[in-house]
Amino acid sequence: MGNKISYFFQAVVVIFIAAVCFLFFKEVLPKRIFSESKSSAKNVVVDSILLEAVAQDEKIEKDIEKVVDTLQRKKIVFEQIDGITFPPETYEQYKGFQFLIPFFEKLYLLETEQKGDIRIAYFGDSMTDGDMIVQDFRNSFQSQYGGKGVGFVSITSESAASRSSVSHQFSGNWKTQSYLNVKRPLKPFGVNGHVFFANDTLATTWVQYKAGYGKHTALLNNPTLFYGFSDNQEGEIHVKTGSDTIIKRLSPDKLLNTAAIAGTDLKSFKVLFQKADSIPIYGFNFDDGKGVHVDNFSNRGNSGLPISIFNVPLMNEFQKRLDYDLIILHYGTNVLNYGSYNYDWYERSMTRVVNHLKQCFPGVTVLVISTADKATKYDLEMKTDSAVVPLALAQRKYAVQSKSSYFNLFEAMGGEGSMAKWVEEVPAMAAKDYTHFNYKGSQKVAGLLYQQIQTGYTQYKAMRQSRKTAPPKVNIDSVPSKTPSNVQ
């Protein structure tokens, strides 16, 4: 008994001494527990073009204030599009609805006259992995405006196992090239940033899809294979649906080719590729041809910069087939923390990316999503990482300069300290890495994004109606001026 009491008092003394030492040395301890120096990328998936851009710009040292130019001190005034002009915006509150007018007009025709359809390409990084955020965003649009189908799905995917909007399996012998790490692929990358080859002559290369459980993705609507040009005229696919097998010959004579898998919607199917080596395979599209469709093009480690190497002629062909109305760029996670808080290099590079996208997909509108909040440990407390705000500023700047719309996700989450709150929420809305959202958080982010677009669309409809009912303008030049004889 005496020994137990002795041990207890020893423990109390040790704790007391440790507390005193901590208080004594507190002032000389580093404010940040982890070093702010550039961390090793050895175990982090990051696209090669980002690493090159950072390396080239490391020699440029500017104050963080220079990231914010004179646009912050001025109101942004828009030029009229189709007779409509949104009110001027301050730089701090910039949303850029003006540049979504072509998208809003198509949405209006779809809503009021059931004319046409809408297609959105959502490019992102690990934030949208496994169809996170995008599946809820897609569901909101399809519930409101119609449309069925999960959209374009790649041949292989690193997140296939975690995706619930479509069940996706594939053989392990596909040869895959990605725009994240290959600059000069054997054939041009598809709209998903990948190109696949069934080059294994010893074992059959295959892919299999099964519809998800979502309200609007319960069927594989109008399944269609997309593939590219090749001199190989012997390739064929064996399509298995239940106990039936249909053989289709591939005709890779154009820059972009399609093959309808079935004349009806399916619950599941499997495709085996035979003698198809050297034929670039891109993926399958699933949509019912009406309403709204949203394609998720997520790649872990992507900064957005690899989009700059898209092949324009091939993308023009994808645009003819898929007809995108809006492209969403959701990046930032992989751009933070590269040893500098100056993101001028990223702003310049992404401005070029947007301009390149407009060449690839003529007539498309673009919406830029800022980085989310990310928490890092400072003073033993999880706080907003000091790189978040300057990156969000650079993203807003390139949105303004490239005439794109902008969604400030950082502010929409709650701004400073919001990621820590989302993690600590009950139930939690973000993962313990203080970077990524969980399913609940992803659903909320999708709702915030959808709501901003709907806010702009509602304003557009009001201005459209005002334009329609406004009295005709009088041509001042045609009105005779008064002469002295008219004056009483």
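This is a predicted model: local features need pLDDT of at least 70, side-chain atom pairs count only at pLDDT 80 or more; totals for chains, interfaces and linings use all residues.
Two strands count as paired if DSSP finds at least two bridges between them. Keep that in mind for strands S10 and S13, which are joined by 5 bridges.

- Strand S10 covers residues 236-241 and strand S13 covers residues 268-274, and the two run antiparallel.
- Across that pair, Lys240 sits opposite Lys270 of S13.
- Both strands belong to an open sheet of 5 strands, ordered S5-S8-S13-S10-S11, with antiparallel pairing.
- At the edges you'll find S5 (166-170) and S11 (244-249), each of which pairs on one side only.
- Going from one strand to the next, the twist averages 20°.
- As a general point, strands of a sheet pair through backbone hydrogen bonds, either parallel or antiparallel.

**The nonpolar cores**
- The largest nonpolar core has 99 residues, and the members touching the most others are Phe123, Phe137, Leu329 and Phe437.
- Leaving out residues up to four places away in sequence, Phe437 has a list of contacts that includes Met127, Ile133, Leu409, Met413, Trp422 and Val445.
- There's also a second, separate core of 27 residues, with Ala198, Val239, Leu250 and Ala259 among them.

**A closer look at Ser418**
- Ser418 lies in helix H9, which spans residues 418-424.
- Its relative accessible area is 2%, so Ser418 counts as buried, the cut-off being under 20%.
- Ser418 touches Asp373, Phe410 and Met413, again not counting residues up to four places away in sequence.
- Met413 turns up among the contacts of Phe437 too.

Key:
Residues are numbered from 1 along each chain as its sequence is written. Side-chain values use heavy atoms; hydrogens and water are left out. A nonpolar core is a set of buried Ala, Val, Leu, Ile, Met, Phe, Trp, Tyr and Cys residues joined through side-chain atoms within 4.5 Å. Buried means under 20% relative accessible area, exposed over 50%, partly exposed in between (1.4 Å probe, protein chains only). Contact means heavy atoms within 4.5 Å. Helices (H or I, at least four residues) and strands (E, at least two) are DSSP runs, numbered from the N terminus. Axes are lines fitted to C-alpha atoms, for helices over the stretch in contact, and angles run from 0 to 180 degrees between N-to-C directions.
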